[in-house]
Amino acid sequence: MIRKSLVLPALLGVLAPVVTSCGVVGDSGGDDDAIVVGTTDRLELTKENPAPLDPATAYDINSWNVLQNTFQTLMRMPRTGSEPEPDAAEQCVFADRLSEQYRCTLRDGLTFTNGHDLTAEDVKFSVERMLKIKNPNGPFPLLANVDTVETPDELTVVFHLKTPDATFPLKLATPAAAIVDSEVYEKDKLYEGFEIAGSGPYSLKVEHDDDVATKAVYTGNGDYKGEVEPQNDAVEVRYFDTSKSMEDAIAGGDIDVMGRSLKPGQINRLDEGADGDVSLFETPGAEIAYLVFDVENPTVKDRAVRQAAAEVIDRTKLARDVYQRTVDPLYAMIPRGIIGHNTAFHDAYGDRPDADGARELLREAGVDTPVKLTLNYSTDHYGETTKAEFEELRDQLNRSGLFDADIKGDTWETYKKNYAENRYAVYGLHWYPDFPDPDTFTGPFVGEENFTFNNYDSSVIEDLIPRTRQEAQRERTTDSFERIQDVLASDVPYLPLWQGKQYIAARDTVTGAEWALNSSSTLQLWELRRGLSE
């Protein structure tokens, strides 16, 4: 086993590989046998979410992994660089200097995999449908700034925005802007089940046992017209119950690639050469893990309680002991590698637990101790290490003598429903960026349509964000985003814990794995190909 890593760029999304192994021999793909990818992610139909693959409700890494490979968007993030490029569109430009009108011209001859023509009307329908359905767990906030959509002809779409937004092209490159077939999808109803109608690089067939997917077969779409150049004809994704069974499968040659979610011990074993036929790839990651505080919940409504928690949490111990250094401590909601990152929480609370400082905060606020609270987490969405992480967080809070904390886990579908209904005072979430820009780490977290449902608003932040969106040269927004981080560190509606790295493992008969994860941690299956490492 040879570990292969990618250099951390100035801005995530600019991924430049450093290949530390030998070159590849073999042809460029097109073998009859599918490349087999393993994952511990779950894809299932539930009462709470009977339409996990409908773009109007899909807003998690599992579903976006599917949508990224099967639907087209007008724009798409390139293999390297942070500027989106046209995909279903031939070109897109702002038609005014204020970044309020965005005009796209579609490629001629686009079709869905069912043979239906894809026109500007389908684009208009898809955006208006997203905003009409307005699913509470869906990504509609990404498009909420759209006022009207015009279609002057079959190949032209004009978006009129409510306010200037230089990040709009980036938002059009996300699955929130996936183009659905207006002849198949209803404008005010979700498309239930595992079937889809897209126009992306692959068509999809999902095999399932009752309502739980067991296998997803991606077959190359020969009618696809866009920027992606698939390196294979077919990919098969198999769903595993545990990371151990997935690791056994790759060691035995039953699968070729394994991605989410690898446990820290597995990562380190592979790094040390546990399997000489399997290579581990590490790439920069912008995934962040954080605690959410419902600022209207009586338990944590007093800011001093949230600040006290920030004083006693030891991120270094969490990253070292629980995650075995496969993640890095994080002291801001905007991660390293993204414009606007600073160390606001480190500056405010230090990097070592300070029980005395926390005690003084609570005393001055008149808060009785110990503060009783429950830390809630998802049992099946963020990997098998999550429970150990929350046990450590509980113990850190309790060791201070200032908290009487407990933990409680729920399945992801129950978990999403509960935090959306404000049933939790404190709960853990991860955020995978929608696009490589600081806007995605700030805008969705504040205000009425805040996706965490934690009732947090800030007049300072809500004034700054619209201003940053007027600036096309994103580096000029640094001061504003640093100011936003300082406000968040003072208010503590969120407590950043760690920043993830991206890991993917592949047998040496498969190449392209180093490109298979994009800056949002979603799989780009088209990058994988049959080959042979020398």
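Helices (H or I, at least four residues) and strands (E, at least two) are DSSP runs, numbered from the N terminus. This is a predicted model, in which local features need pLDDT of at least 70, side-chain atom pairs count only at pLDDT 80 or more, and totals for chains, interfaces and linings use all residues. Residues are numbered from 1 along each chain as its sequence is written, and side-chain values use heavy atoms, with hydrogens and water left out.

**Exercise 1.** Classify the ring pair of tryptophan 431 and phenylalanine 445, then follow phenylalanine 445 to its pair with phenylalanine 451.

Step 1. Rings of Phe, Tyr and Trp (its six-membered ring) pair if their centres lie within 6.5 Å; planes under 30 degrees apart are stacked, over 60 edge-to-face, and the rest tilted. The whole structure holds 24 aromatic pairs.

Step 2. For tryptophan 431 and phenylalanine 445, the centres are 5.3 Å apart and the planes meet at 75 degrees, so the pair is edge-to-face.

Step 3. Now place the partners: tryptophan 431 is in strand β19 (residues 426-431), while phenylalanine 445 is in the loop between β19 and α12 (459-469), 14 residues apart.

Step 4. Buried means under 20% relative accessible area, exposed over 50%, and partly exposed in between (1.4 Å probe, protein chains only). Tryptophan 431 has 4% relative accessibility and therefore counts as buried; phenylalanine 445, at 2%, counts as buried too.

Step 5. Phenylalanine 445 also pairs edge-to-face with phenylalanine 451, at 5.1 Å centre to centre and 85 degrees between the planes. Phenylalanine 451 is buried as well.

**Exercise 2.** Describe the second largest cavity by its volume and its lining.

Step 1. On a 1 Å grid over the protein atoms alone, a cavity is a set of points where a 1.4 Å probe fits but cannot get out; lining residues have an atom within 4 Å of a point. A volume is the space filled by probe spheres set on the points, which are joined across faces, edges and corners.

Step 2. The second largest cavity has about 200 Å³ of space. Its lining has 19 residues, with Thr39, Asp41, Asn65, Val237 and Leu523 closest to the centre.

Step 3. At least two lining residues each come from β3 (35-39), α1 (61-70) and β12 (234-239), and α1 gives the most, with 4.

Key:
On a 1 Å grid over the protein atoms alone, a cavity is a set of points where a 1.4 Å probe fits but cannot get out, and a pocket is an open set with protein on both sides within 12 Å along at least five of seven lines; lining residues have an atom within 4 Å of a point.
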